[in-house]
Amino acid sequence: MESTMPRKALTWSMLMGFASFIIIHAYAENSGGGHHFSGGGRFRDDMRKMQEFKASLIRHDSISAAPPPSVSPSPSPSYVDPPPGRNSARVYHVTSYGADPTGERDSTDALAEAIADAFRGPTEGFLIDGIANLGGAQISLEGGYYRISRPLRLPAAGVGNLMIHGGTLRASDDFPTNGYLIDLSASSSPNENEKTYESSISAQLSSSSSYSYEYITLRDLMLDSNYRGGGISVINSLRTSIDNCYITHFTTNGILVQSGHETYIRNSFLGQHITAGGDHGERNFSGTAINLMGNDNAVTDVVIFSASVGIMISGPANILSGVHCYNKATGFGGTGIYLRLPGLTQTRIVNSYLDYTGIVAEDPVQLDISNTFFLGDAYIVLKSMKGVANGVNIVNNMFSGSNKGVGIVQLDQSKGPFKDIGQIVVDRNNARGMNIKSTVGRRSVQGNGTSWTIDFNPVLLFPNFIKHVQYTLSTGGNAFPNHALRNVSNNRVVIESNVAVPASVFVTVDQGVAN
C-alpha cells in the first residue's frame, strides 16, 4: 500500500502538468504575436480556468488518498496584472517600444511603431461616415523628452478618437526643414508600418469620408522644432483638438490648419524664440505662430510671444477669443493678426489683447472686433485690395498709446481706394494717447451769421464719405430763419440760413448706414 500511493501522486502530477501545458499552449496560439492591443480579460479567464482545473485534480487526488506526510501541496499562484506597457488597455506607452525618454537617442521609429499599434487596435463602430472609432486610444509619452528625425504621421486615413499626450518632442539636427513634428495628413508614400496596417485592417477602414481624420487630440505637449520646420500640421481633419501645448523654435508655422473643419486650439503658448517681451532680437523674428487656412476653427486662451505674424487667417467663419499677441511689434514690421481673405472675412476677434502689435484685414466683409485691448500704439488696418469694406463692426475696444498721434483704425489704400463701403460701424471705442477714428461723428459749433461749417476729418475713418447727416440749429433770438444742409463734401458739413442769426448747430454724421 505504501508503494502504491507515491505512484498515484506521480501519475496525478504528470496529468496536471500535461493539462497546464495544453491550456497555456492554447492561450498562446489564440493570443497571437506582435505588439497590438490584447486585453487582459481573456488572459485572466484562461489562467483562472487552469487554476480551477488543477485544483479539481488535487481535490480528486486528496479523496483517493491523502498525500504523504512529507509532501505539502503548494498554494495556487494568484494572477498579477502585467506592468503598464504596450498591452495596457488602449494606452500605448512609447518607452515599451524602445523610445528614449532622455532624448539622447533618436526615438522616431519607436514612436511611429506605437502610433501604428494604436491604429491596429480594436474599433468601436464609426464616427462620421468612413471614419472608424478607435475608442479613445492614447499614445502616452510618459513625461519623456524624445528626439525625432522625421515627422510623426498617422499611418493611414479613416480613423478617429485618438490622443497623443504627455511629453516633449524635439526635432533633431537633420530634421527636414519643411516638415512638422506632428503631421496629421494622409501619407502619399506609406512606409512599411502603414502597409502592414493597410493589409491587416478590414476593408471598412478604407475611408469613404471627405475628411482624413476625426477627433484627434494633441494635449499636454511641448514641441521644440529646433529651428527646423514647424510644430503641428492638421490637413483635412475634422474636430481636432490642440490643448495645453507649448510650441517653440519653429521657422515656418507653429500650427498649420489647412482645409478640414473645426480645429480647436486652446490654452497654449507659441513662440519662435523663448522670451517674455523686450527681446533684443525681436526685429528678426520670423515665421507664423498659427496659420488657419480653413473654416469654422477656434483659437481661445492662447499666448503668442514671438513670431513675425501671430495668427494668419485665410479661411472664413473662424473665431479668436482670449488671444494675447506680443509676437513682434508693428514698429519692427510684425502683425498680431492678419486676415488674408478679401471679400469673405467672416471672422470674430473678441476679448483679446494686442500688445504692441495690431490687426490687418484685407477687404473686410463681415468682421467683428470687439472688447479687445490694444497696447503700445497698436491699431487696426483695413487694407484695400479691390476697394470693398462691408459689414464691419469695430466696437467697445480700448486703445492705449504714447501720444504720437496714431489713429486707432487706419486705412491702407496703396492698391486703390475703398469704393464699395456699407454697413461699417466703428464706434464706442475709447483711446488714451491715441487718436479716435470712427464712422460716426458728433460735433457742435456756435456763431453769428448765415453759415456754419463743421469739419469731421479729424474723426471720420473714410475720406470724403458722409452718407447720413442729422443736425439741429438752435437760436436764442426772436428770428425764425430758414436753414438747410448745403454741403457734405470732403467730410465737411455746411449748414446755411437765409438770415444772419446767433445760433448753435449740433451735427451727427454717419459713414456706415446700410445701402
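What share of contacts in the protein between residues at least 6 apart in sequence join residues at least 24 apart? The share is 66%. The model described here is predicted.

## Overall picture

The protein has 515 residues, and 48% of them count as buried. Its secondary structure consists of four helices and 30 strands. The accessible surface comes to about 23,800 Å², and carbon and sulfur atoms account for 51% of that surface.

## Helix α3

Helix α3 covers residues 108-120. Its 13 residues should span 18 Å at 1.5 Å a residue, and the C-alpha atoms at its ends are 19 Å apart, which agrees. Ten of the 13 residues are buried, so α3 is largely enclosed by the rest of the structure. Among the buried residues are Thr108, Leu111, Ile115 and Phe119, along with several alanines, including Ala110 and Ala118.

Asp117 is also one of the buried residues of α3, with a relative accessible area of 2%. The side chain of aspartate 117 forms a salt bridge with that of arginine 120, with an N to O distance of 2.5 Å. The two residues both belong to α3 and are three residues apart, about one turn of the helix. An α-helix has 3.6 residues a turn, so residues three or four places apart point the same way. Arginine 120 has a relative accessible area of 24% and is partly exposed, whereas aspartate 117 is buried.

## Salt bridges between separate parts of the chain

How many salt bridges does a search of the whole structure find? The search finds twelve. One of the salt bridges joins glutamate 124 to arginine 90, and the closest N and O atoms of this pair are 2.5 Å apart. Glutamate 124 is in the loop between α3 and β2 (132-140), while arginine 90 is in the loop between α2 (40-64) and β1 (91-93). The pair therefore links distant parts of the chain, the two residues being 34 residues apart. Glutamate 124 is partly exposed, at a relative accessible area of 45%, but arginine 90 is buried, at 17%.

Another salt bridge is formed by the side chains of arginine 239 and glutamate 262, with 3.2 Å from N to O. Arginine 239 belongs to strand β9 (residues 237-248) and glutamate 262 to strand β10 (residues 253-271), so the bridge ties together parts that are 23 residues apart in sequence. Both ends are partly exposed: arginine 239 has 37% relative accessibility, and glutamate 262 has 23%. Salt bridges also link Arg239 and Glu262 with Glu214 in a network.

Threonine 217 is part of strand β7 (residues 213-224). Its relative accessible area is 9%, so threonine 217 is buried. Leaving out residues up to four places away in sequence, threonine 217 touches Leu162, Met163, Ile164 and Ser241.

Is isoleucine 408 buried or exposed? Isoleucine 408 counts as buried, with 0% relative accessibility. The residue sits in the loop between β23 (398-400) and β24 (409-412). The C-alpha atoms of isoleucine 408 and glycine 358 are 9.8 Å apart, although 50 residues separate the two along the chain.

## A hairpin and positive phi values

Strands β29 (residues 483-487) and β30 (residues 492-510) run antiparallel and are joined by four bridges. Alanine 484 stands opposite glutamate 496, which is in β30. Four residues lie between the strands of this hairpin, and asparagine 490 there takes a positive phi near 55°.

Most residues other than glycine have a negative phi. Alanine 317 has a positive phi, near 60°. This alanine lies in the loop between β13 (309-313) and β14 (318-325) and is partly exposed at 25% relative accessibility. Glutamine 366 is not a glycine either, and its phi is positive at about 60°. Glutamine 366 is found in strand β19 (residues 365-370), and its relative accessibility of 48% makes it partly exposed.

Notes. Residues are numbered from 1 along each chain as its sequence is written. This is a predicted model: local features need pLDDT of at least 70, side-chain atom pairs count only at pLDDT 80 or more; totals for chains, interfaces and linings use all residues. Side-chain values use heavy atoms; hydrogens and water are left out. A salt bridge is a side-chain nitrogen of Lys or Arg within 4 Å of a carboxyl oxygen of Asp or Glu. Buried means under 20% relative accessible area, exposed over 50%, partly exposed in between (1.4 Å probe, protein chains only). Two strands pair if DSSP finds at least two bridges between them. The expected span of a helix is 1.5 Å times one less than its number of residues. Contact means heavy atoms within 4.5 Å. Accessible areas come from the Shrake-Rupley method with a 1.4 Å probe; for residues, only the protein chains shown count as cover.
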